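Morning, everyone. I'll walk through one chain, a few residues at a time. Please have the viewer open.

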Amino acid sequence: MAGALDTAFKAIAKQVVSDLGTALDTTITYTVNSKGSYNVAAGKQLITTTSYSDIKVPIEFIQTDQVDNRELRSAKLYITPNLIGDHQPTFQDEITLSYAGSNVTTQITDIETLKGGQVYLHTIRVRF
């Protein structure tokens, strides 16, 4: 029963994210930054990146604050695992929003993962 319920939730989340994301004129590029091997000769950790481009997801712009004469905005993004290669989001990942004719790189500030026996939705809060 629990497996069937997870499968239903996953299918519903995938359909809702697809429908709402397609209706928006905003896309994201999700970049996964993973630690690779350590290069002893260079003395540094190698980072590998994988990018998922032109993803349409629902975005909720939720807050704008004035900080030191700058505008600081917050938004929530709803992403299903299949859109980012079934990757579990981390704070080291990067999300670039493409909207209103510009690209803005964001900082991930909160990650909420909804799951039962399998993950079906990530709610990611960003600021930019």
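Let me start with a term. Buried means under 20% relative accessible area, exposed means over 50%, and partly exposed is in between. Keep that in mind for Pro81. Pro81 comes out at 5%, so it counts as buried. One caution before I go on: this is a predicted model.

Where is Pro81? It sits in the loop between β4 and β5. What does Pro81 touch, once residues up to four places away in sequence are set aside? The list is Asp86, His87, Val119, Tyr120, Leu121 and His122. Now look back along the chain to Glu71. Pro81 and Glu71 are 10 residues apart, and their C-alpha atoms are separated by 31 Å.

Stay with His122, one of the residues that Pro81 touches. His122 belongs to strand β7. Is it buried or exposed? Buried, because its relative accessibility is 1% and the cut-off is under 20%. Its side chain makes a polar contact with the side chain of Thr113, at 3.1 Å.

Next, back to Glu71. How many salt bridges does the count come to? One. The side chains of Glu71 and Arg73 make it, at 2.7 Å from N to O. Both ends fall in the middle class of accessibility. Glu71 has a relative accessible area of 43%, so it is partly exposed. Arg73 is at 27%, so it is partly exposed too.

Now the aromatics. A pair of aromatic rings is described by the distance of the centres and the angle of the planes. A search of the whole structure gives four aromatic pairs. I'll take two of them. In one, Phe61 and Phe128 are edge-to-face, with 6.2 Å between centres and 75 degrees between planes. This pair links distant parts of the chain. Phe61 is in strand β3, residues 59-67, and Phe128 is in the segment after β7, 67 residues away. How accessible are the two partners? Phe61 is partly exposed at 45%. Phe128 is buried at 13%.

Phe128 has another partner. With Tyr99, the centres are 6.2 Å apart and the planes meet at 75 degrees, so this pair is edge-to-face. Tyr99 lies in strand β5, residues 94-99, and Phe128 in the segment after β7, so the pair ties together parts that are 29 residues apart in sequence. Tyr99 is buried, with a relative accessible area of 18%.

Tyr99 leads us to Thr26. Thr26 is in the loop between α1 and β1. At 11% relative accessibility, Thr26 is buried. Leaving out residues up to four places away in sequence, Thr26 touches Ile55, Lys56, Ile59, Ser98 and Tyr99.

Now the helix. Which residues make the nonpolar surface patch? They are Leu5, Phe9, Ile12, Val16 and Leu20, and the patch covers about 440 Å². Take Leu5 as one member. Leu5 is in helix α1, residues 2-22. It has 42% relative accessibility, so it counts as partly exposed.

Last topic: backbone. Most residues other than glycine have a negative phi. Asp54 has a positive one, near 55 degrees. Asp54 lies in strand β2, residues 44-55. Is Asp54 buried or exposed? Exposed, with a relative accessible area of 62%. Asn69 also has a positive phi, near 60 degrees. Asn69 is in the loop between β3 and β4. Its relative accessible area is 74%, so it is exposed as well.

To recap, briefly. Pro81 and His122 are in contact, and Pro81 is buried at 5%. His122 is buried at 1%. Glu71 and Arg73 form a salt bridge. Thanks, over to you.

Terms used
Residues numbered from 1 in each chain as written. Predicted model: local features only at pLDDT ≥ 70, side-chain atom pairs only at ≥ 80, totals over all residues. Heavy atoms only, no water. Patch = residues over 30% accessible without salt bridge, like charges linked within 9 Å, V, L, I, M, F, W, Y side chains within 5 Å. Areas by Shrake-Rupley, 256 points an atom, 1.4 Å probe, with all protein chains shown as cover. Salt bridge = Lys/Arg side-chain N within 4 Å of Asp/Glu carboxyl O. Helix = DSSP H or I, 4+ residues; strand = E, 2+ residues; numbered from the N terminus. Buried < 20%, exposed > 50% of the residue type's maximum accessible area, 1.4 Å probe, protein only. Phe/Tyr/Trp six-rings, centres within 6.5 Å; stacked < 30°, edge-to-face > 60°. Polar contact = N/O pair within 3.5 Å; in protein donor to acceptor, adjacent residues only side chain to side chain. Contact = heavy atoms within 4.5 Å.
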